[in-house]
Amino acid sequence: MTLTRAKELLEVQIGMGGGYNRNSAKMILADVSNEHGQAAVDQLIRTLKLDEIFDLKEGMKFKF
């Protein structure tokens with residue numbers, strides 16, 4: 001998955017909000033981590049303010 005596509009998918013999850021969407025966001029970030037590394041995950045968390053919205057912090061490891 002490209003980083004642009006991941007950002008688009010995360011923006012959809014942000015728009016819906018809620019616990020299930022937090023889990024979906026974590027799965028998207030796990031995929032990003034596998035393909036692009038932790039730095040890309042941290043950048044998405046910062047850019048989209050996922051720490052404020054879903055309480056996802058930089059440096060968190062996401063796996064599935």
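Residues are classed as buried under 20% relative accessible area, exposed over 50% and partly exposed in between, with a 1.4 Å probe and protein chains only. The structure is a predicted model, in which local features need pLDDT of at least 70 and side-chain atom pairs count only at pLDDT 80 or more, while totals for chains, interfaces and linings use all residues. Residues are numbered from 1 along each chain as its sequence is written, and side-chain values use heavy atoms, with hydrogens and water left out.

Helices (H or I, at least four residues) and strands (E, at least two) are taken as DSSP runs and numbered from the N terminus. A nonpolar core is defined as a set of buried Ala, Val, Leu, Ile, Met, Phe, Trp, Tyr and Cys residues joined through side-chain atoms within 4.5 Å. The largest such core comprises 16 residues, and those with the most contacts inside it are Leu10, Leu29, Leu44, Leu50, Leu56 and Phe62. Two or more residues are given to this core by each of helix H1 (3-16), H2 and helix H3 (38-48).

Within H3, the buried residues are Gln38, Ala40, Val41, Asp42, Leu44, Ile45 and Leu48. These buried residues of H3 pack against H1, H2 and helix H4 (50-53). For leucine 44, contacts (heavy atoms within 4.5 Å) beyond its neighbours within four places in sequence involve Ala6, Lys7, Leu10, Leu29, Val32, Lys49 and Leu50. Lysine 49 follows H3 and has a positive phi, near 55°.

Glutamine 13 is located in helix H1. This residue counts as buried because its relative accessibility is 13%. With neighbours within four places in sequence left aside, glutamine 13 is in contact with Asn21, Ser24, Ala25, Ile28 and Phe54.

Histidine 36 belongs to helix H2 (residues 19-36) and is partly exposed, at 37% relative accessibility. Apart from neighbours within four places in sequence, histidine 36 is in contact with Met1, Thr2 and Leu3. Its side chain reaches the backbone oxygen of methionine 1 at 2.8 Å. Histidine 36 and lysine 26 are separated by 10 residues in sequence and by 15 Å in space, C-alpha to C-alpha.

Side chains of opposite charge can pair when their charged atoms come close. A salt bridge is counted where a side-chain nitrogen of Lys or Arg lies within 4 Å of a carboxyl oxygen of Asp or Glu. The whole structure contains 4 salt bridges. One of them joins the side chains of arginine 5 and glutamate 8, at 3.4 Å from N to O. Arginine 5 and glutamate 8 are separated by about one helical turn, because they are 3 residues apart in helix H1. Arginine 5 is partly exposed, with a relative accessible area of 42%, and glutamate 8 is also partly exposed, at 38%.

Another salt bridge links lysine 7 with glutamate 11, whose closest N and O atoms are 3.9 Å apart. Lysine 7 and glutamate 11 are 4 residues apart in helix H1, so about one helical turn separates them. Lysine 7 counts as partly exposed at 33% relative accessibility, as does glutamate 11 with a relative accessible area of 40%.

A further salt bridge is formed by glutamate 58 and arginine 46, with the closest N and O atoms 2.6 Å apart. Glutamate 58 lies in the segment after H4 and arginine 46 in helix H3, so this pair ties together parts that are 12 residues apart in sequence. Glutamate 58 is partly exposed, with a relative accessible area of 43%, and arginine 46 is partly exposed, with a relative accessible area of 41%.

How values were computed: Polar contact = N/O pair within 3.5 Å; in protein donor to acceptor, adjacent residues only side chain to side chain.
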